[in-house]
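Colleague: Please walk me through the salt bridges and the overall fold of this model. Keep it brief.

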Amino acid sequence: MIIDGLLSALSLGALFWTLVGTASGVIVGAIPGLGGGMLMALALPLTFAMSPLNAILLLIGIHVGSVSGGLISATLLKMPGTPSSVMTTFDGFPMARNGAPERALGLGMGSSLIGGLLAGLALAFLAPPLSVWALKIGPWELAALILMALVLVAAIAQGSMIKGLFSAVLGVIAALPGLAESDGQLRYTFDIPEMSAGFRLLPVLLGVFVISQLLQEVERTRLKDKAQRIALGQSSFPKLTEWRRHIGNLLRSSAIGTFVGILPGVGASISSMVAYGIARTFSRTPNKFGTGHDEGVVASEAANNANVGGAMIPLITLGIPGAPVDAILLGAMIMHKIQPGPLLFTTNGTLVWAMIAAYLIANVMMFALMIGSYRQLSKIISIPTHYLVPIVFVFCVIGSFSIGNRLFDVWVMMGFGVLGFVLNKAKVPLGPFVIGFVLASPFEAELRTALQLSDGSLLAIIDHPIALSFVAVAVLMFVAPLLRRKSSLESNEQKGEGA
Amino acid sequence: MIRKPDTASLIVLALGLTVGSGLLYGAQFIQPPIFDPVGSAALPQACAVALIALALGEFLAQFSKQHPDTGVSKDTVEGFDLITATVAILMIAYIGLMQLGLGFEAATLSFVMAAIPVIGRSFRLLAIAVIIAALLAFGAAWLFSTIFFVDLPKI
C-alpha cells in the first residue's frame, strides 16, 4: 500500500497537479491579502472534473506553497502574505532593510523546506498508529473530541475567547438548515426548495474566506499603496556551512510546529509565534531578536511549514481539521467521496500514502520554485488591489454557481461574505466559524448515536474515560482564561488600593 | 464616568439575540423525536441558548476591557468605508443582474468596468478596466464552458 501510494504520487499527472498547486500557492501566498484558504476554496470547483487523487494533491500543493509564499512579502514589504508569516516580518524585514534581502529569503526558504520535510516524516510515522487507536473509539469519544476541538479553536483564536466560541456556535448554526442526517427531518428551510440540502460547503467557504477578505482588502487599499518594496541584488543566500549552527533551532522549531499543528484548531501562525518565543528563550543573543536575526527567521519559517504537516495528522486519522484551511481540505475530500477518519487507512490506504508522499514532494517543489523565481515573485506581490478584487470576485461567482448551476449558491456566498466582513469588523475570528460549520454535522450525528446507546442519558459519558478526558480539557480550556482574568482583575484592584 | 458599550459588542449582541431567538422560534416547528431520545430540535435549541449567553457575556465583559479613564474599549469598531460599501453594492448588483436574466458576459463586463475605477479611486483606470472586463467576461465564459464544461448564467 505504501509503495502503491508513493507510485501514485510520483505518476506524471500527480506530479503535474502537485506542481500546479504548489506554484499557484506560492504566488497567492506571496500576495498580501490573498491566502491559501482563498485559493483552495476557489480551486475546489475546478477539481470536480479531476480524479480524487489529483484534486487532493492540487490542494495539498496549494496549502504548502501558500504558507511558504508568505515569507516573500513578509521579508520585502513587511506585510505578511499569510498570517503564518507574521513572525517572519520581525526579523526578515529588518534583515532585508539592512542590506541582506537574499540572506533573509534564503534562510526562510531553507527553514521552510526542512520544517516541512520533518513534519512530513512525523506524518508518515504518527498517522498509522493514531488511526489504529482511533478505530477503538466510539461515538461518545468522537463527539467529545469534536467538542474539545471546537472549544480549543475558539480559545486559541485571536481576540477574546467568548468571541471565538460565539463564532464557533454561529458556524454550527449555519450548518443546521436542511435535512437532519440522523432522522431525515427538515429544519429551517423557510419553504425554500433550495434550502432542503442546507447551505453547501463551497459557497459558505468562499463567502467567509474570500468575499469578506476582498472587502477588507478594499478597505486596506490606501495602507497598501504606501508599502515600499526592498530591492533585491544586494546580498547572497546563506552558505551551506552556515546552516550547521541552526540545526538545533531547526529541529526544535519543526517539532514545535508539528506538535502545535496536531492540536485541533491551532493554526500555523500560533506555531510560529511559539517557536519564535522559545527560540528567543534558548538563544545566546535574545536581544538581537527583532533586529534582523537569523534565528528569528529560521524559527518562524520552520514552525509554520511544519504546522501544515502536523495538522494533516488529525485530519487524516480522525477527520478533525487542525485549522480553517484544513477544513477546506476536509471538505474537498468529502466532496470527492473520501471520508477522512480512522478507516481511511483501511479503505483508501493508497490515497493516504500518496497524500503523505505528495506533501513531501510539494515541500521540495516549493523550495525549488521559490529559489528559482523569487525575483519574479517579488514583482508579483505589488499587483494593485483594484485589479485583484473584481477578478477574484468573478471567479468566486463562477465557483459558487458551478456546483449546482443555480444562483441561489451565489447569493449564499455573498450573504456569508457580508456576514464574515461584519464579524471581522466586530473582531470575531472567522476560523472557529468555518470549523464549527464543518464539524456540526458529525458532532450531532455522533452525539445522537451516543445518546441512543445510553437511552438519552448524558451521564453515560462517565463510562467512557477517554471521552471524559476530552470534555475535561474542553472545560479547562474554557474556565482557565476566565480564572486568569479574574485573578488579574483582583491583583489590579489590590494595586489600586495600595496606591 | 459613564461607560458606553462598544460597537463590536453591540454587533455581537444584536447578532446573537436575533439569530438565537430566531432559532428558538423555528425549533417549535421541528417534529418531536420518533426513534431517538434527543430529536432534531435539540442541537438548534442548545446552540440558541449558547449563542445568546455568549453574546450577553461578551456585552458584559466589554466593560472590563474599557480604559478606566476614557471609557474607550480596545474593541472599538472603525467606521465603514464608503468605497467598501459601494463595492459590496456593486457585487450584489452583479449577482442581481444575473438573477434578472442578464447573461454572465454582460453582467461581468458591467461589474468589472465599474469596480476597477471605484476601488482604484480613479476614472483614469477605465480604459484598462474595459480590457480586463472584456477578457474576463468572454475569456472566462469560453474557458469554463468549453474546457471545464461549466454552465454559466445565460440570457
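**Salt bridges and fold**

Modeller: A search over all chains of the structure finds 12 salt bridges. A salt bridge here is a side-chain nitrogen of Lys or Arg within 4 Å of a carboxyl oxygen of Asp or Glu. This is a predicted model: local features need pLDDT of at least 70, side-chain atom pairs count only at pLDDT 80 or more, and totals for chains, interfaces and linings use all residues. Residues are numbered from 1 along each chain as its sequence is written, chains are lettered from A and ligands numbered from 1 in the order in which they are written, and side-chain values use heavy atoms, without hydrogens and water.

Colleague: Which parts does the pair A:Asp294 and A:Arg245 tie together, and how many residues apart are they in sequence?

Modeller: A:Asp294 forms a salt bridge with A:Arg245, the closest N and O atoms being 3.3 Å apart. A:Asp294 lies in helix α12 (residues 294-318) of chain A and A:Arg245 in the loop between α9 (201-225) and α10 (247-262), so the pair ties together parts that are 49 residues apart in sequence. Helices are DSSP runs (H or I, at least four residues), numbered from the N terminus, and strands are runs of E of at least two.

Colleague: Is A:Asp294 buried or exposed?

Modeller: Buried means under 20% relative accessible area, exposed over 50%, partly exposed in between (1.4 Å probe, protein chains only). At 9% relative accessibility, A:Asp294 is buried.

Colleague: Which residue forms a salt bridge with A:Asp409?

Modeller: A:Asp409 is buried, at 1% relative accessibility. The closest N and O atoms are 2.9 Å apart, and the partner is A:Arg406.

Colleague: Which residues do salt bridges that share partners join into one network?

Modeller: A:Arg245 forms a salt bridge with A:Glu242, at 3.8 Å between the closest N and O atoms. A:Arg245 is exposed, at 57% relative accessible area, and A:Glu242 is partly exposed, at 22%. The network joins A:Arg103, A:Glu242, A:Arg245 and A:Asp294.

Colleague: What radius of gyration does chain A have?

Modeller: Chain A has 19 helices and two strands. With 499 residues, a compact globule would have a radius of gyration near 23 Å (C-alpha atoms; 2.2 Å times the number of residues to the power 0.38). The value for chain A agrees: 22 Å.

Colleague: What percentage of the residues in chain A is buried?

Modeller: The C-alpha trace spans about 70 × 65 × 50 Å along its principal axes. Of the 499 residues, the buried ones make up 61%.
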